[in-house]
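Welcome! Please take a look at the sequence and the structure below, and then we can walk through some of the details together.

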Amino acid sequence: MSYDKIEVPDEGEQITLKEGTEGEIEVPDNPIIPIIHGDGIGKDVGPAAQKVLEAAAEATGRSINWMRVYAGESAQEKYSENLPDETVEAIREHRVAIKGPLTTPVGSGFRSLNVALRQTLDLYANVRPTYYLDGVPSPMKAPEEMDMVTFRENTEDVYAGIEWEAGTDESEQVRDFVEDEMDFDGIMHEGDIGLGLKPISEKGSKRLVREAIDYAIENDRDKVTLVHKGNIMKFTEGQFGDWGMEVAEEEYPDEEVFAAPDSLWETQDEVDIPEDAVMVEERLADAMLQWMQLRTDEFDILAMPNLNGDYLSDAAGAQIGGLGIAPGGNFGTGRMLAEPVHGSAPKRAGQDMANPTAMILSGRLMFDYLGWDDASDLIRDAVEETISSGKVTYDLERQLEGAEKLATSEYTDEIVDTIEQLS
Ligand code: NAD
């Protein structure tokens, strides 16, 4: 495909789908990878991540051919729109890409670009590995007990954007429909009211839970916990839990996956679980936020609807050192878009201050998807060694006694030097 404003690198090959497979990718040693630096601190952490990923690829005998693509403020400048079609098409065509944070003003009628990208590309699973890096300050007594991966449904729930503004004809029409035609006899207060829909589908729930269980099997994990609020929202969150348990019960052999009976209400201490089987259980979302702090080491893989996943993964990130550290990625069938958990932090933007670790580790997750395990390990070792030596950005420095505060660019250079020394 030819593009209007995107410059295609002179060298490099495209990542493609392996023939005869539905979602396996074929990765050359010199892939073209689209990158969106992002808004706000994206201008600092985007180029930083690029440098570190390049160094790790080169140290393991590969090369990355970056292709800058635009969304948010940078797209507004170049195209006078926030999400140009050719950005979406370039990411679709190249299958694997990485992005920094994009700003979404609250309540402005401006649709989230992140949500739009995830929906348009059908990146249905938002995956956030939450693991502790040596040397990182944490408010927890035993942060190293955290080694969890959250799978958040990424295309539906109240994030689907099906909502009507208070004071509009549409919201009144929906109110009338619900009250008159659907015979709703609960409380909707008189006067202006904002209304929204919470779609939770069988397709969306099952493919997400399947993804989480497959990950658990492939990565030798013990347990998948389905996190929902089904005691209150029975036909959406509760249904998510039921469909998830159905996947565990019906789609895998018993010796591989064990669906824990009545796990919402009964402890599983007495249950005989086949050796090596992945246990699939349910937990209520409010209780889960408590267990995650009090019994961190009991949890492994979490799978949940969109909103729960948003809240819970940020809270999990805080336990291992905060948003500056927390990586993520959006996965679809044969495609992936890596992105840090954090936002554009406008107050710190363009000051060479922000912590690029979250975006660097999101790149590490991308390397895992490419099958570049050696480069991925190298990044983890280099980041850990740099932080352990007390060289950190401002957000960690203020929590670490005796640490040295580095600018984004200085911290990045330290990691690149460490990669070169380790390889
Ligand atoms: P935020 O993540 O930008 O910032 C929250 C806090 O964390 C701030 O105090 C910030 O300084 C700190 N922080 C975040 N990342 C950091 C880093 N790398 N290094 C050091 N400190 C860091 O969240 P917010 O303030 O709620 O949102 C700001 C904007 O970002 C909003 O427009 C929001 O919609 C958007 N956002 C985008 C994404 C995304 O692109 N995926 C995710 C979340 C928020």
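How many nonpolar, polar and charged residues does the shell around the ligand have? By class, there are nine nonpolar, eight polar and five charged residues in the shell. Here Ala, Val, Leu, Ile, Met, Phe, Trp, Tyr, Cys and Pro count as nonpolar, Asp, Glu, Lys and Arg as charged, and the others, Gly among them, as polar.

## About the model

This is a predicted model, in which local features need pLDDT of at least 70, side-chain atom pairs count only at pLDDT 80 or more, and totals for chains, interfaces and linings use all residues. Residues are numbered from 1 along each chain as its sequence is written, and side-chain values use heavy atoms, with hydrogens and water left out.

## Around the ligand

The ligand is surrounded by 22 residues, each with a heavy atom within 4 Å of it. The closest are L102, T104, G343, A345 and N355.

Let us turn to the polar contacts, which are pairs of N or O atoms within 3.5 Å; within protein, one must be able to donate a hydrogen and the other to accept it, and residues adjacent in sequence count only if both atoms are side-chain atoms. The side chain of N114 has an N or O atom 3.0 Å from an oxygen atom of the ligand, and for the side chain of K99 the distance is 3.5 Å. S344 takes part through a backbone N or O atom, 3.0 Å from an oxygen atom of the ligand. On its own the ligand has 810 Å² of accessible area, and the protein covers 67% of that (Shrake-Rupley method, 1.4 Å probe; for residues, only the protein chains shown count as cover).

## Aromatic pairs

Rings of Phe, Tyr and Trp (its six-membered ring) pair if their centres lie within 6.5 Å; planes under 30 degrees apart count as stacked, over 60 as edge-to-face and the rest as tilted. By this rule there are four aromatic pairs. One of them joins F331 and Y369 edge-to-face, at 5.5 Å centre to centre with 80° between the planes.
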